[in-house]
Amino acid sequence: MNWQHFPNSVNIALMTMLGLLALASTVSLALVKLKPQKDYCELRQRVRTWWWIVSVFAVALLFNRTISVWVFGIVSFLAFKEYLSLIPTRRADHRVLLWAYLAIPVQYYWVWQNWYGMFIIFIPVYMLLILPMRMVLIGETQGFLRAIGTLHWGLMITVFSLSHMAYLLVLPEAKNPVGGVAGLLIYLVFLTEINDVSQYIWGKTFGKRKIIPKVSLGKTVAGFIGGVLTTVCLAALVAPSLTPLSLYEAIAAGALIGLAGFIGDVTISALKRDLGVKDSGSILPGHGGILDRLDSLTYTAPLFFHFVYYLHY
Amino acid sequence: MLRYLFYLLVVKPLVSIVLGINVRHRERLITHGSALIVANHNSHLDALALMSLFPQNAIANVHPVAAADYFLTNRFLKWFALNIIGIIPINRNEAASGRDVLKLVLAALDRNAVLIFFPEGTRGEPENMGRMKNGIASIVAMRPQVPVTPVFFYGLGKSLPKGEIVLAPFFIDAFVGKPLLWGGNKQDFMAKLNAEMSALQEQARQAAARTED
């Protein structure tokens, strides 16, 4: 396969992302100039961090499979590390945590190998069985259930779920002539992020009734509906140039991403609420932690992957 | 040279990539000219994590002060501790005998070194500051112009607890306090230092639990 030469549509998609970022930078700079009395520090920081995120994403796409898999592996590592830094862990589980960390390179090796069967069962089955065994060998039973439950859930969310993004890159290229290797991944990530942003904007503009006030005060019914509709429209519009999806399939994919993105977002919010923190970390200035940014993708990546996989692969 | 490369190629990547450190008020660290840094001690990583906060060009001038009876026991460890990590050894057993123990420390301060101290004496309970020993006050009493900067680390006890040899990656937080100066009285100085350290510890607690809205 030829990674350097994307189909034209993919080049256009990448250019569009750069264009959107440039627009965001211009708007934020203009706001600073026009309303000097207001503090736009966080907005500027946010946009600047978006440039970093898109650059890393571009590096993940532009070279070859090895580099792609490395980048996504490191992203999973950072997310898992952030998760473990947040949750209470037992002193006795020090070694078990190392085993859990080791699952990351192994999982991404299956991706690199394009070994689908192993990729799909390694964490849900083998790690589910191995980690408690390792804990039992240490022998600390106080808090065992809580420890193994939180550890495996974290591994599923930050490693298993997110590794589906990387697996989109190793699906057979011939099945997606318009999008090439990178089309599906760009489609997924672009729509998930647009969904986040548009749910936020719709919510800020028209939102009144809170949709799930116990978990998140910022989420409104109007934001949710407006966001999902925006995502569905864009999904249908972009699908012919990046994916093998038909019009109806694209509408379903858009609805799936809109809905799943929302659920991923509030699931991570619930986690943060439970732990009493506002942000999951501080690695991305203006956004918070890496999980704050990837929250929606933890749901959309596996769901979109299996949707496409069932229909076309 | 080896020491420079060790910090550049091993310590800095280890602390920034494998662990990941979030520093509040890094600018308060005094990097040149004689100074003391005082930190809580939870793991062997403390000294290395603290060292990594300094700019690479200042490293040659920064030294952790460490127990001679722990680090100078075998030949390899001694060579590594003195030449690579660059510790200034201090003999805990002779601590009662006064001035002589601090000879190397005072000499280093007179050479404008920045020295790192763990005044709990030994690695304490994770994320907690034990009672600080008074040795630090004795040093400042003899060199009253030297500022003392407290630093509180959160998360290192989780990463490499006492008794473990393999470190687990965790994000860690470092809180740098305001530099303190010797006021002329041992009790007052230790009280000030303890208060500043408790304030940092409280700040760490709050940072770990910033409730939404």
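**View 1. Salt bridge between Arg95(A) and Glu164(B).** In this predicted model, the side chains of Arg95(A) and Glu164(B) form a salt bridge, with an N to O distance of 2.9 Å. The rule finds one salt bridge across the interface of chain A and chain B.

**View 2. Polar contacts and the elements of chain A that face chain B.** Ten residue pairs, both members at pLDDT 80 or more, are in polar contact across the interface of chain A and chain B. On the side of chain A that touches chain B, the elements giving two or more residues are helix H3 (65–86) and helix H4 (94–113) of chain A. H3(A) supplies the largest share of that side, six residues. By residue class, the side of chain A that touches chain B comprises ten nonpolar, five polar and six charged residues.

**View 3. Extent of the interface between chain A and chain B.** Contacts link 21 residues of chain A with 24 residues of chain B. About 1900 Å² is buried between the two chains, and carbon and sulfur atoms give 54% of this area. In chain A, the residues that lose the most area to chain B are Lys81(A), Arg91(A) and His94(A), together 29% of what that side buries.

View 4. Thr149(B) lies in strand S6 of chain B, which spans residues 148–154. Thr149(B) counts as buried because its relative accessibility is 0%, and buried means under 20%. Leaving out residues up to four places away in sequence, Thr149(B) touches Arg28(B), Ile30(B), Leu36(B), Ile37(B), Val38(B), Val176(B), Gly177(B) and Pro179(B).

Notes. Residues numbered from 1 in each chain as written. Chains lettered and ligands numbered in written order. Predicted model: local features only at pLDDT ≥ 70, side-chain atom pairs only at ≥ 80, totals over all residues. Heavy atoms only, no water. Helix = DSSP H or I, 4+ residues; strand = E, 2+ residues; numbered from the N terminus. Buried < 20%, exposed > 50% of the residue type's maximum accessible area, 1.4 Å probe, protein only. Contact = heavy atoms within 4.5 Å. Buried area = accessible area lost by both parts, 1.4 Å probe. Salt bridge = Lys/Arg side-chain N within 4 Å of Asp/Glu carboxyl O. Polar contact = N/O pair within 3.5 Å; in protein donor to acceptor, adjacent residues only side chain to side chain. Nonpolar A, V, L, I, M, F, W, Y, C, P; charged D, E, K, R; others polar.
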